[in-house]
Amino acid sequence: MESKMVIVFGFVVAVFLQSAAAQTGHVVGDSIGWTIPQSGAQGYVTWAASNKFVVGDTLVFNFATNAHDVQEVPKASFDSCSSENPIGTAITTGPANITLTSAGDHYYICTYGRHCQSGQKLAITVSAASPGAAPSVPPPPSTTNTPPTTPSPTSNDPAACEPVPAPSPSMSGVPTVNTTPGSLPPLGSSSHVVLASFVLSSLALVVERNRAR
């Protein structure tokens, strides 16, 4: 029972760490923030091209309150720098954090004066979260006992008819864990998953040793 609780706890920790690691915060424009770029609209085009956006990531718009705002709009409004047909409500208090909740193209503009026409506009493409990203968790130790081996009844040796007892498991009934290189379950590429799996394996080993005492 204790082993199962350790396995469940370790899985929850691993999933939490993987989820936290998967989310990325993107500071729009990096050091220039959300403002009218000196290079015009190309400034944010270049910034967007250098980043990869995934569902669950966050856009951070750094700007001074009452100097700029952030409004998501459809492509037509983005191209014409129009605040018509807005998507949601404009954010007027900076800095503003926007979580990307859906895949596809997303468009943002500043509706103050002619800021958008001067290049304060951002278009990004968001990818769906990669499937199968759940971290690998070592399976619980097997508790299946090997049944006794009965020799063939055709043997003429009476001693051979006696059942052969199964090998005695190590550590007072606790099955031996195979530590042959390459036999461990694959770990995820994330360092958070490696840490969670290591903690899980250590906890499971402690529980098994306590049960053997």
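Guide: Welcome! This is a predicted model, where local features need pLDDT of at least 70 and side-chain atom pairs count only at pLDDT 80 or more, while totals for chains, interfaces and linings use all residues. Residues are numbered from 1 along each chain as its sequence is written, and side-chain values use heavy atoms, with hydrogens and water left out.

Visitor: Why is Ile124 called buried?
Guide: Buried means under 20% relative accessible area, exposed over 50%, and partly exposed in between, using a 1.4 Å probe and protein chains only. Ile124 has 3% relative accessibility, so it counts as buried.

Visitor: Where does Ile124 lie, and what is Ile124 in contact with, leaving aside its neighbours within four places in sequence?
Guide: Ile124 lies in strand S8; strands (E, at least two residues) and helices (H or I, at least four) are DSSP runs numbered from the N terminus. Contact means heavy atoms within 4.5 Å. Leaving aside neighbours within four places in sequence, the contacts of Ile124 include Ala48, Phe53, Leu59 and His106. His106 is 18 residues away along the chain, yet the two C-alpha atoms are separated by 5.4 Å.

Visitor: What makes a group of residues a nonpolar core?
Guide: The name is for a set of buried Ala, Val, Leu, Ile, Met, Phe, Trp, Tyr and Cys residues joined through side-chain atoms within 4.5 Å. The largest one here has 18 residues, and Trp34, Leu59, Phe61, Tyr108, Leu122 and Ile124 touch the most other members. Helix H2 (42-49) and strands S3 (58-61), S6 (96-99) and S8 (121-127) each give two or more residues to this core. A second, separate core of six residues includes Val73, Cys81, Tyr107 and Ile109.

Visitor: How do you know that S3 and S6 pair?
Guide: Two strands pair if DSSP finds at least two bridges between them. S3 and S6 have four bridges, in the antiparallel sense, and Leu59 stands opposite Ile98 in S6. On S6, Ala96 and Ile98 form the covered face, while Asn97 and Thr99 form the uncovered one.

Visitor: What makes S2 and S5 edge strands?
Guide: Five strands form an open sheet with mixed pairing, in the order S2-S8-S7-S4-S5. Strand S2 (53-54) and strand S5 (87-91) each pair on one side only, and that makes them the edge strands. Two bridges join S2 to S8, and these strands run parallel. Val54 stands opposite Ser127 in S8.
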